[in-house]
Amino acid sequence: MELCGLALPRLPGLLAALALLAAQVPRAFATRGPALWPLPLSVQMAPRVLHLSPDDFHIANDPSSKASSSCTILQEAFRRYHNYIFGDHLLYHLPAKFHVKADIQQLLVSVVRDSECEMYPSVSSDESYSLVVKEPVALLKANRVWGVLRGLETFSQLIYQDAYGTFTVNESTISDSPRFPHRGILIDTARHFLSVKTILRTLDAMAFNKFNVLHWHIVDDQSFPYQSTTFPELSNKGSYSLSHVYTPNEVREVIEYARLRGIRVIPEFDSPGHTQSWGKGQEGLLTPCYRSYQPEVSGPINPTLNTTYSFLYKLFKEISWVFPDQFIHLGGDEVEYDCWESNPNIQTFMKQKGFGTDFSKLESFYIQKLLNIISTLKKGSIVWQEVFDNNAKLQSGTVVQVWKEQNYAKELSSITAAGFPVIISAPWYLDRISYGQDWRLYYAVEPLNFSGTQEQKQLVIGGEACLWGEYVDATNLSPRLWPRASAIGERLWSRQDVRSLDDAYRRLTVHRCRMVRRGIAAEPLFTGYCDNVLK
Amino acid sequence: MAGSRLWLSLLLAAAFAGPATALWPWPQYIQTSDWHYTISPHSFQFKYHVRSAAQSGCSVLDEAFQRYRDLLFGSESWQRAALTGEQQTLEKQSLVILVVTPGCEQLPSLESVENYTLTINNEQCFLLSETVWGALRGLETFSQLVWRSPEGTFFINKTEIEDFPRFPHRGLLLDTSRHYLPLPTILDTLDAMAYNKFNVFHWHLVDDPSFPYESFAFPELTRKGSYNPATHIYTAQDVKEVIEYARLRGIRVLAEFDTPGHTLSWGQGVSGLLTPCYSGSQPSGTFGPVNPILNSTYEFMNTFFLEVSSVFPDFYLHLGGDEVDFACWKSNPDVQAFMKKKGFGNDFKQLESFYIQTLLDIVSAYGKGYVVWQEVFDNKVKVRPDTIIQVWREEVPVSYMKELALITEAGFRALLSAPWYLNRISYGPDWEDFYRVDPLSFEGSPEQKALVIGGEACMWGEYVDSTNLVPRLWPRAGAVAERLWSNKVVTDPDFAFKRLAHFRCELLRRGVQAQPLSVGYCEQEFEQI
């Protein structure tokens, strides 16, 4: 039983613990005290406690910083984090408020190299930072703005209110960088539409957990909410309703909001399967399925027609400039062959191409043409594992995402043995819920636990927590995602040996209350309470 | 358009001609047709019939009229609609309500009659009920019958409904001890309960982790036993507000003070109440269930339950009695001595019974009835014949259906919860499992079946607080609500799915954060603040 409220640590114990831990990783101190999530690479925390005052604390550029004072990413982040640290202090009804002398009045931020302030984050963005918290000025140093964003999050997590409500931080030195460069959350806006507000709120929470990729599974069988300027009929006819669409402006808003938080937006336009909704606005795109020699319903995209590829070229050309990220996710999962099989024109095409009755060859034929289109557009491709499994010829650098849970370690071995970079999702399907603390299972996963050489392991660029939308919309997204996804956030950021479930439980309990305080409806890990209550 | 007459069986197939028949829970008897009438928001009124026992000034109905007005038309001011091309459609300018017996100031009870008749035809737009509680149920049904065309005109179809609940006790349990639930969360839940025709809020107020109920006889209980005595408590005023808010919606508040187990938080504020556990010959410093061997225990319970009996006006109190762990009692030498003296041997069930019986006598003396968890029956505690036994264990000691048979065979009334633990979640449409249960599908005589007074959906709080309560509760609890209200023949899952999917969109429209049943969308989606 975790009665954190009934077991506040006594001060001497706390100090002893702090002293003892000064040379090791920090631990959580019940509800008070810092609780870092995800745990940084190296933390040295001294017992010495410093005070801050909301009215007398500033986050600012260090004079030595290479970042310009007009850098929006930094200016907005400084304001945001000042709010996260102090903004909610009025919500506290603590017995007495003593006037405290501020020991630290400034956090100075220094960008060491070219700031990349106007750029978009990428898979090779440098997110490392170092943080020195001491009297009278704390210093955050990073090579790029991306590291500054991560460091600000850590700094905000170091500060807590003591029993009198005073903002407090331990003298500490932290240096940090992520274990994997690709740390993603998949959202599905096709099974259920998610409002822009819901997406932005999710980006906020992602930043709290140092996630850096929003994998936007934007369209699927059920609906096509992406409003294309080239093919407006796709959403006019394929969305749930005309109010269930993302306009170009809204897409831009999501991308910029993400950029300001150091998060990449990777759009997924899944084909040739999962495309029922595309067919409504684009006649002739889908394969007519035959039953008793009559075309009835439609199946996957028709891979035999030239018109298909000229459509795809135009659509993906638009996508490649709407979404600035270097990568586009092309899907390629769960293609059903029975419709193709039923169609006489496809049968003829198969014969003509010498595919026999192997429809995976037809699928690969399609995918390869699509991959070629993407590389003509100077973009990289991500595909679901079936594309690799079906032996499609992939250009080097194509990223393969593993989602099938059975034998996924073996799959990782084969993909990396073939030299392709890989993203892991198989053990992290958060839409699948069960009773109790399933975050422990996600946390226990070790991404590199497969047989392979050192070079192979290096091809694992990270992982993604997937929240598919069959049973998820804005009503239940946040509590289903957080803090369960946080477990994956730490697995992908922190060192391999950060695995203690007890320590994780303590820190995550505090971290979830912090998310709640910042307006994220993160569900409880177990019995207990937060100082604040989500209103 | 000719009004066609359809009976229930036909309706099951035909109900989806229009939105007018997407009712939840499904009424006992309904006839409806495509013939419809317009309703204009700016002129429509709820009116008391001149012969109604309830008249203007009846708080329950006055406030309900206001509530349903807002639910139907929103709070925007409506312009008179220019009737174009619909001239021949009759307008309904009011719903006339006739309540037969007075009772506006009373509280709903287990015996309350919730029957109503709703008649919407060329001559009438009329709601007839025995009591104000029945009128509330009828107003809810009325509000679900009104639909809106894409152009924004409100309509109601020609309809005749005669409705009454299958079971008189249709409850929802919330647990405010594992996690504190803020007052607005409880009040919002009461609203959603009324939309589902639930009529009992089983308030599991306190438990091991925290004691948020502020007692005026023993203020130390919350001062020391709550998570935070400044913010995580229910004051006397809060409790009053919950009871009145529930009353205005025809919902009873059944308060549970679970003993002798599940009481760790009580011990913080009342020293000597809990049994000290021993390791070997020394007290281990930990505590177990309420100490059943001391006179002081019963003196405390006497005073405490005197307060509880007056604070909670419902005739019934829930006294818990579940999951008593005997290990601590066994370890304690004083308890052992007491056992010997009483001749209980090593049978700690007898000690538990001794405690419970004494407690039941106390509560009886205050003129209250009581509900207990099934262990009290399983452990053969002698209880009053009018005791209500709540079945919560799915398989042990016997299957829950068998348990119902045993309890009713012994002549006790029973409540079913075992298959309806909504806190337990799994992937996919688990509401179908809740829906499929029939509470009377056990072997027993008609007299035994008559002793099953209803059931409760339980939302235990280990993993639930205000961040995830609402989507976990709705529309899943709706499945239980229909099972307890509607006729036993209403079981078709496809018919239920279509209505429930529609109803969950209606819940969203009313501001309830109800989660989706499957892929799809609602006209009005949930938007977080």
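Author: Buried means under 20% relative accessible area, a cut-off that will be needed below, and the structure discussed here is a predicted model.

Reader: How is a pair of aromatic rings described, and how many aromatic pairs does the structure hold over all chains?

Author: A pair of aromatic rings is described by the distance of the centres and the angle of the planes. Over all chains, the structure holds 76 aromatic pairs. One of them is formed by Phe46(B) and Phe142(B), whose arrangement is edge-to-face, with 6.0 Å from centre to centre and 75° between the planes. Because Phe46(B) belongs to strand β2 (residues 45-48) of chain B and Phe142(B) to helix α3 (residues 132-145) of chain B, this pair ties together parts that are 96 residues apart in sequence.

Reader: Are Phe46(B) and Phe142(B) buried or exposed?

Author: With a relative accessible area of 12%, Phe46(B) is buried, and Phe142(B), at 0%, is buried as well. A further aromatic pair joins Phe218(B) and Phe300(B); it is tilted, with 4.5 Å between the centres and 50° between the planes. This pair links distant parts of the chain, since Phe218(B) sits in the loop between β9 (200-204) and α5 (220-225) of chain B while Phe300(B) sits in helix α8 (residues 295-311) of chain B, 82 residues apart. Phe300(B) has a relative accessible area of 5% and is therefore buried.

Reader: At what angle do helix α4 and helix α6 of chain A pack, and which residues meet there?

Author: Angles under 35 degrees count as roughly parallel. Helix α4 (residues 196-208) of chain A and helix α6 (residues 248-259) of chain A pack at about 10°, and their axes are 10 Å apart, so α4(A) and α6(A) are roughly parallel to each other. From α4(A), the residues Val196(A), Ile199(A), Leu200(A), Leu203(A) and Asp204(A) meet Glu250(A), Glu253(A), Val254(A), Tyr257(A) and Ala258(A) of α6(A). The residues of this contact of α4(A) with α6(A) comprise seven nonpolar, three charged and no polar ones.

Reader: Which residues does Phe359(A) touch, leaving aside those up to four places away in sequence?

Author: Phe359(A), which lies in helix α11 (residues 359-376) of chain A, touches Tyr337(A), Trp340(A), Glu341(A), Ile346(A) and Met350(A), with residues up to four places away in sequence not counted. At 9% relative accessibility, Phe359(A) counts as buried.

Reader: Where are Pro38(A) and Pro483(A), and what are the omega values of the peptide bonds that join Trp37(A) to Pro38(A) and Trp482(A) to Pro483(A)?

Author: The peptide bond from Trp37(A) to Pro38(A) is cis, with omega near -10°, and Pro38(A) has its place in the loop between α1 (11-21) and β1 (42-52) of chain A. Trp482(A) and Pro483(A) are joined by a cis peptide bond with omega about 5°, and Pro483(A) lies in the loop between α16 (477-481) and α17 (484-493) of chain A.

Technical notes. Residues numbered from 1 in each chain as written. Chains lettered and ligands numbered in written order. Predicted model: local features only at pLDDT ≥ 70, side-chain atom pairs only at ≥ 80, totals over all residues. Heavy atoms only, no water. Axes fitted to C-alpha atoms, helices over the stretch in contact; angles between N-to-C directions. Helix = DSSP H or I, 4+ residues; strand = E, 2+ residues; numbered from the N terminus. Parallel < 35°, antiparallel > 145°, perpendicular 65-115°, else oblique. Contact = heavy atoms within 4.5 Å. Nonpolar A, V, L, I, M, F, W, Y, C, P; charged D, E, K, R; others polar. Phe/Tyr/Trp six-rings, centres within 6.5 Å; stacked < 30°, edge-to-face > 60°. Buried < 20%, exposed > 50% of the residue type's maximum accessible area, 1.4 Å probe, protein only.
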